[in-house]
Amino acid sequence: MATTTSVLPKPRPVRLDPRGATARQKQDHPSWFIAPALLVLVVFFFVPTIFNFVYAFTDWSSFKSEINFVGFSNVQDLLSNGTLLRDLRITLIYALLVALFQNLFGLILALLLERDTRVNRIARVAFFVPVVMSALAVGYVFQALLKPEGGLNQVLSAITGTSVTTAWLGDTTWTIVVVALIHSWKWMGLSMLIYLAGLKTINEDLKEAARLDGAGWWTTFRTIVFPLLAPAVTFNVATSLLGSMNGFDIVQATTGGGPGGSTELLNIFVFRTFGQGLFAQATTMSLALFLMVAILAFPVIRFLRKREDVL
Amino acid sequence: MSALATSRANATTNSGHDRRPHHRSWKRLIQPVVALTAVITLLGVPFYLVIITAGKSQEEAFDPNLVPPTKWQLFENFGQVFTQGNMAPAFFGSLLIMVPAVVGVLLLGAMASWVLARRSSRVMAVVYALAISGIVLPPAVVTVVLLLRQIGLAGTAVGMIGVYMGMYLSTVIFFVTGFVRTIPVELEEAARVDGVGPFGVFFRIIFPLLGPTLATATILICLYIWNDVFYALFVVGGRLDTLPLNLYEVASAGLYLQNWHLIFAYIILMSLPLLITFVVMQRKIISGITSGAVK
């Protein structure tokens, strides 16, 4: 192989023998092009991730200098006081609610603004403004809007004619839903754009044919439009699930995890305990998030992909 | 009740007879009204609240509501947050972190993607799978702080840039590798016959073709880094000013006294750079994001 290359320097055989092709690949696309990216990934992503699996089982904290292994005691502590399972459950519920609302709103907006008119173009840009804003800022806006004497209750009072003083962010059962709605409000513009792009790919003749067969709007949507939106659904559901499992800013800015810890996402706990100097506990929760995402993400993505293939 | 039922029945028979004109007129008239109502209720109310509260005095803004200010003092409030919230250092702090992180992630990501897309060995497949795993897996935010301490980068801009690069390299590699596979190898072969080395082939032939894909990645990553507060709180919180970190500080100081007029003035000022960029380039940004996602 080496001799062929040296004997024939210029006119290269173009991928005849597969082993030669690999050698050619190696020479023309050298590995060192990957090295810098791999170095950054290893140092700033993989090593911290491996550390997660180590330091979750130590007593690392800001209160003492040495770090000792303590086995599963962090996990046991977090299990016995119920925080671990509670926060996992809250994060999962939050992610499911966000995935549902964000996709529902995004899809409704896309269907509403599908036609290319001036009003629709302006509305699309307007709905993308919250996507561009900082999530922390969005959280503060809604904290103000949802106060008992805040803007939303003012509007509701004016409409109903009675004085509405609901504490939208003060309910241990329903506030998680309100916060998930705020998260969805912030990102629905992105889902809308992706659904709009999906709608554009659907052949107009298909819909026309269904209409001629007497199918109404709903039947056309259910049997033709929605199934053909599968790639957009995959992308939107996957990104909204992952994004909200990793959520922090909006919840921190609206409730800070309250009332009574009922909206405490894993990341909120991680931030709070980190601030208290309990680094090992924070690491344990960070590991819990990592494992939850790792366990859930791949089956979800595979399931959504399969749905695409069926078509 | 019965009137409603009959009108409903009428409507169905009507649409049964000549559905088209009925359908079209519905779309022409009702759709813009519904669209505008949605914009006003869903977006108008929150944004109106931000603007009027940012224009109020401290007493008036204490309980933020939808009543317009008796006396507008929007620009006084802008001035106050600009100085008290350290906006100028925070703006440059945000830029100082975002620009190198985005440039670095695009350059290193594109270089790696080219080779990952062109080579087909099993090792490369494994490296590719690992390299894109970061799209899904969350970064280890606590232990990265420990690591930065060990390598002497804790609380520094370089450390923060490294963390962001580690987070977003996966996204770039995923997008770009997919795109490079659509570029015919023959394009490279032509240059190679002329004696151009791999470095030249990449920078003169491949890199210029990546424009649209890299633009999409740039938009998304800029959006995430510019607005990120979570990772910044861990890595550079209290050591370096960025816009979201300072907003967090301004708002947390409000625990003692809710300075809503200042919080909202800050939000307006900090949102302006991205908002202006977005409005100016909206057509490009929107088509960039949508072309990258649905495929």
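User: Where is Phe142(A) placed?
Analyst: Helices here are DSSP runs of H or I with at least four residues, and strands are runs of E with at least two, numbered from the N terminus. Phe142(A) sits in helix H7 (residues 135-145) of chain A. The model is predicted: local features need pLDDT of at least 70, side-chain atom pairs count only at pLDDT 80 or more, and totals for chains, interfaces and linings use all residues. Residues are numbered from 1 along each chain as its sequence is written, while chains are lettered from A and ligands numbered from 1 in the order in which they are written.

User: Is Phe142(A) buried or exposed?
Analyst: Start with the rule. A residue is buried if 20 or more other C-beta atoms lie within 10 Å of its own, exposed if 12 or fewer, and partly exposed in between; the C-beta atoms are placed from the backbone. Phe142(A) has 27 other C-beta atoms within 10 Å, so it is buried.

User: Which residues does Phe142(A) touch?
Analyst: Two residues are in contact if their C-beta atoms, placed from the backbone, lie within 7 Å. Not counting residues up to four places away in sequence, Phe142(A) touches Ile182(A) and Thr254(A). Tyr195(A) is 53 residues from Phe142(A) along the chain, and their C-alpha atoms are separated by 26 Å.

User: Why is Leu92(A) partly exposed?
Analyst: Apply the count again. Leu92(A) has 17 other C-beta atoms within 10 Å, so it is partly exposed. Leu92(A) lies in helix H5 (residues 83-112) of chain A.

User: How many helices and strands does chain A have?
Analyst: Chain A has 15 helices and zero strands. Next comes its spread. The radius of gyration is taken over C-alpha atoms, and the globule rule is 2.2 Å times the number of residues to the power 0.38. For 311 residues that rule gives 19 Å; chain A has 26 Å, well over it, so chain A is more spread out than a compact globule. Along the principal axes, its C-alpha atoms fill a box of roughly 95 × 75 × 30 Å. Of the 311 residues in chain A, 42% are buried. Of its contacts with a separation of 6 or more, 69% join residues 24 or more positions apart.

User: What are the totals for chain B?
Analyst: Chain B has 15 helices and zero strands. Buried residues make up 43% of its 295 residues. Among its contacts with a separation of 6 or more, 73% are between residues 24 or more positions apart.

User: Which domains does chain B have?
Analyst: Domain bounds come from an automatic or database domain assignment. For chain B the assignment gives domain 1 (15-75) and domain 2 (85-253). The centres of the two domains, taken over C-alpha atoms, are 38 Å apart.

User: How do I read a pair of packed helices?
Analyst: Two packed helices are described by the angle between their axes and the distance between the axes. Axes are lines fitted to C-alpha atoms, for helices over the stretch in contact, and angles run from 0 to 180 degrees between N-to-C directions. In chain B, helix H5 (residues 87-118) and helix H11 (residues 211-227) pack at about 145°, with axes 10 Å apart.

User: Which residues meet there?
Analyst: On the H5(B) side they include Ser94(B), Ile97(B) and Met98(B). On the H11(B) side they include Leu214(B), Ala217(B) and Thr218(B). Now the classes: Ala, Val, Leu, Ile, Met, Phe, Trp, Tyr, Cys and Pro count as nonpolar, Asp, Glu, Lys and Arg as charged, and the others, Gly among them, as polar. The contact of H5(B) with H11(B) has 13 nonpolar residues, two polar and no charged.

User: Where is Tyr168(B), and what does it contact?
Analyst: Tyr168(B) is in helix H8 (residues 157-180) of chain B. Leaving aside neighbours within four places in sequence, Tyr168(B) is in contact with Val105(B) and Ile221(B). Val105(B) is in H5(B) and Ile221(B) is in H11(B), both part of the helix pair above. Tyr168(B) is buried, with 23 other C-beta atoms within 10 Å.

User: How many residues does each chain bring to the contact between the chains?
Analyst: Chain B brings 74 residues and chain A brings 73. On the side of chain B, helix H2 (residues 19-54) gives the largest share, 12 residues. That side divides into 57 nonpolar, 13 polar and four charged residues.
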